[in-house]
Amino acid sequence: MNEDLSPEYGPRWSDQRVERMLGALVCAVVGLLLAMIVTVLVRAWPSFSHNGLAWFGPGGSVDEQLNAIFLSGQGGAEYIYTFHAWPLIWSTILITGGAILIALFSALFVAVFIVEFAPEWMSNILQPVVRFLASVPSVIYGLIGVVVLVPFIGNHLVTEGQKESVAGIISLTGYSLLAAITVLTVMIAPLMVSIFSDGLRSVKPGWLEGSLALGVNRWRTTWKIGVRTARPAIVAGTVLATARAIGEAVMLAMISGSVGFAPNPADGLIFIFEPSRPLAPTIVKNIDQLSSPPANATLFAIASVLLFSATLFSLTGWLARRSMQKYGSA
Amino acid sequence: MRIKSLAIAVIALAGLAAPASAGAVTLIGSGSVAAQPVLQALFATYTKQVNPKVKFVYTANGGNAGVKDVQNGTSQFAGNARTPLPSDAGTTYIKMFMDGLCLDVNKKNPLKNITIQQAHDIYRGLITNWSQVAPGGLTTTIDPVGRDTNGGTYNFFLQAVLNNEPPASNVNALTADGLVQNAVKQDPNAIGYAGLAWQSGVKPLKVNGVPCAANKISVEPLKYPLSRYLFIVLPGDGSSSPPALKKFIDWMRLSPLAGEVISKAGGVPAFNKKS
């Protein structure tokens, strides 16, 4: 640290220089981000322009379309771009939505418990455990899913009658919505818990004390004042978790199943055992096709949809937080 | 102080990397998962017993992906489990050794033999129940498991069993031979396919009455119906490859020692001289 105090230190790192340097750094980062978005959109454009809005709609088998796209253009034939991504989008919505819903409620209650009700020794243990869980790499969750959860669902929960009823169309082997949602929930809930509890902890103590002093019981105080004040943090945590869930590729590629099938809630209970493949794992599974120009455009189109939805989520999160800020800061 | 420790760290890292460039060669390859166990054994033996200056880095990302790596120059060689396709332009295929693609079922499945036609019908979704394969066995729904399109094994299966028709939508496509093996091991109703080196914990079926075993693997004359060559893929016509790589390939194809390593690791030597 002695060198920091040397006479050179002052003039070399004057405020002006630091300001300029940091400014340049920020510009570079923003520029990089813009360049990335532009690249993705430009590469994706052929796929969107050939399909129009039908890109997002249902129609035919996605896997056959992807295969036809990849094989097209060999020997000078024309490129094929026809692609209807609905089964992939529907699978993303089901898996991400299901996991976020379950994780939101469980994480909220866990956070309230850790901050308000748990004895100190317990929250001292839970806190680091939750933070550790939030940083476990997703491949590990995927491995546990493949080795433990998938065979359990396939061999014990799915009945022979259910398998027979869809035989020849899809296999109910445990690679399913249920497995994907369960593991994804376990993966994102700790992230939510740690952000929620930070929010709950930063509620002004005076507000809670005031309520308690008026004779309101502890649960009601926490729920009506603590949780309500911490709503911006809850939105922020949910948005962050959603972004992670939507972009999750490796773990879902391992356990969600590998067919571009749209699970149908009208099928009844079987529905949660049906396999599907969300958008992000589709990119992982077809990564070797990047050398074919139409397949390249299609994969970049999927990427741009993911990028766009992530942007949309952070925007809505920001808007929601802004309108809630009047209840207090968090 | 901070800058100094940073500099020390950089020098230390460079120091770690330095011995690799001192006269030694590192050969970078990727591709076939089916060939991986045998290749890794060959690499280890070559570095230990033949030429300690040659090191290998091999990423098993699937044979088709490996050929792409060779085409765009990120790999110096690739392993592949299928014969060349038109899309492989600009590469050379050299036969390394032979392998059999076994059709595997769970150990709880009493089935012993399967025909190519039955396998075709299962993977095309025409047969969906084990009772349609053989009477007196399981009466449950079949769970077919296969490889995804990254694998050369997928293409070999497509050509040898499916007559180049795509697999049905009920086939669960997994990313590696080990995952197929794992899925068959865990599911009593499953059927899968994987190379000879991936047969622990599962039960290989006889195909058209011929067992999937090393002594039956032969391409000319064809004995086991799903016998195949595993190939090493080089860029161009192979002449631009580093001499160290060429020497390794000759050793692997011809030396008796390599033959022993290949059969121990689950492959079948094709050209190696008997010791």
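The model is a predicted one, in which local features need pLDDT of at least 70 and side-chain atom pairs count only at pLDDT 80 or more, whereas totals for chains, interfaces and linings use all residues. Residues are numbered from 1 along each chain as its sequence is written, while chains are lettered from A and ligands numbered from 1 in the order in which they are written.

Domain 1 of chain B consists of residues 2–98 + 229–264, and domain 2 of chain B of residues 100–227. Between them, 16 residues of domain 1 of chain B are in contact with 15 residues of domain 2 of chain B, two residues being in contact if their C-beta atoms, placed from the backbone, lie within 7 Å. On the side of domain 1 of chain B that touches domain 2 of chain B, helix 2 and helix 3 (63–71) of chain B each supply at least two residues, and helix 3 of chain B gives the most, with three residues. The residues of this side of domain 1 of chain B comprise eight nonpolar, seven polar and one charged; here Ala, Val, Leu, Ile, Met, Phe, Trp, Tyr, Cys and Pro count as nonpolar, Asp, Glu, Lys and Arg as charged, and the others, Gly among them, as polar.

Chain B as a whole contains eight helices and eleven strands, where helices (H or I, at least four residues) and strands (E, at least two) are DSSP runs numbered from the N terminus. Of its 275 residues, 47% count as buried; a residue is buried if 20 or more other C-beta atoms lie within 10 Å of its own, exposed if 12 or fewer, and partly exposed in between, with C-beta atoms placed from the backbone.

In helix 8 of chain B (residues 256–264), the buried residues are Ala258(B), Gly259(B), Val261(B) and Ile262(B). These residues cover an arc of only 165° around the axis, which puts them on the same side of helix 8 of chain B, the arc being that of the directions from the helix axis to the C-beta atoms. They pack against helix 2 (36–50), strand 4 (91–105) and helix 7 (243–254) of chain B, whereas the face turned away from the buried side carries the exposed residues Pro256(B) and Lys264(B). Helix 8 of chain B is followed by Gly266(B), whose phi is positive, near 105°.

The contact between the chains takes 27 residues from chain A and 25 residues from chain B. On the side of chain A that touches chain B, the elements giving two or more residues are helix 3 (62–71), helix 6 (138–157) and helix 7 (160–165) of chain A.

Notes:
Domains from an automatic or database assignment.
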